[in-house]
Protein chains: 2
Amino acid sequence: MTEKSSENRCPIDYALEVFGDRWTLLILRDLALSGKRQYRDLINSKEGIATNILASRLRKMEVDGLVIRQRKPEDKRQVFYALTEKALDLVPVLLEIGRWSTTYDENSATPPALLQRYTEDPQQLINELQEAARLKQR
Amino acid sequence: MTEKSSENRCPIDYALEVFGDRWTLLILRDLALSGKRQYRDLINSKEGIATNILASRLRKMEVDGLVIRQRKPEDKRQVFYALTEKALDLVPVLLEIGRWSTTYDENSATPPALLQRYTEDPQQLINELQEAARLKQR
């Protein structure tokens with residue numbers, strides 16, 4: 001974990017360095033699956049993220065190449081967060097985690113229809129969710 | 001994150017409660033994919049886990065239904081850790097994380113042959129790894 005520049009790094013260890021923080025994965029979820037784009041939307045996640053944690057995690061995600069800060073030409077004061085392709089490629093990881101949780105958590109909020117679609121054709125659902133996220137970011 | 005008993009919990013949040021700790025996922029990796037069974041093997045992971053962290057994470061994994069402590073009849077002093085089916089069902093999550101890391105980390109240690117097998121037939125590889133882990137635990 002401390003050998004950040006070492007060669008032959010375990011892929012699980014690399015992933016944990018990039019998104020192995022509970023808040024980072026929840027921010028990814030909100031940006032990729034809930035269509036959130038702005039700081040004020042992200043701060044209102046139901047898990048109650050603290051403002052300093054949200055800000056630091058977004059900065060780390062920018063450094064790690066997961067999000068890009070954007071401003072719209074018509075209103076340069078507003079900042080939007082867009083996911084990179086590297087981040088969108090985590091949608092399959094999010095869905096696989098969701099499948100596992102839905103199996104073992106009796107309080108899971110996953111809509112049964114979504115789980116069924118994932119079971120029947122995971123790649124199709126992955127493509128749809130990634131495309132929807134790309135469209136929202138334009 | 002604080003509403004542990006709330007209904008309609010987000011599946012990502014549930015997963016993070018159970019294994020959203022970098023060490024837990026590394027211990028899972030060692031038990032599921034590296035064939036480690038004992039404390040003395042786990043303490044020698046190359047990431048250098050501290051002994052108190054390893055002990056506390058193993059206890060939490062036991063409470064969360066991921067591992068079972070076993071003793072062999074022929075030597076009751078030795079403790080072995082076996083993964084439950086709930087934990088073995090995280091093998092697809094580990095592999096999906098591995099696929100992502102291997103794509104984006106230029107120092108990844110993933111053997112190319114393994115990645116190719118995963119790409120070609122993920123379910124076959126998942127079944128094989130789970131079966132190998134079950135056999136080792138007997």
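A quick word on angles: under 35 degrees counts as roughly parallel, over 145 as roughly antiparallel, 65 to 115 as roughly perpendicular, and the rest as oblique. Helices (H or I, at least four residues) are DSSP runs, numbered from the N terminus. Axes are lines fitted to C-alpha atoms, for helices over the stretch in contact, and angles run from 0 to 180 degrees between N-to-C directions.

This is a predicted model, where local features need pLDDT of at least 70, side-chain atom pairs count only at pLDDT 80 or more, and totals for chains, interfaces and linings use all residues. Residues are numbered from 1 along each chain as its sequence is written, while chains are lettered from A and ligands numbered from 1 in the order in which they are written.

Start between the chains. On the chain A side, I12(A), D13(A) and L16(A) make the contact, with R22(B), L25(B), L26(B) and R29(B) on the chain B side; contact means C-beta atoms, placed from the backbone, within 7 Å.

Now stay inside chain B. Helix 6 (residues 91–104) and helix 8 (residues 122–136) of chain B pack at about 125 degrees, with axes 10 Å apart, and are therefore oblique to each other. Here V91(B), P92(B) and L95(B) of helix 6 meet P122(B), L125(B), I126(B), L129(B) and Q130(B) of helix 8.

Methods:
Contact = placed C-beta atoms within 7 Å. Helix = DSSP H or I, 4+ residues; strand = E, 2+ residues; numbered from the N terminus.
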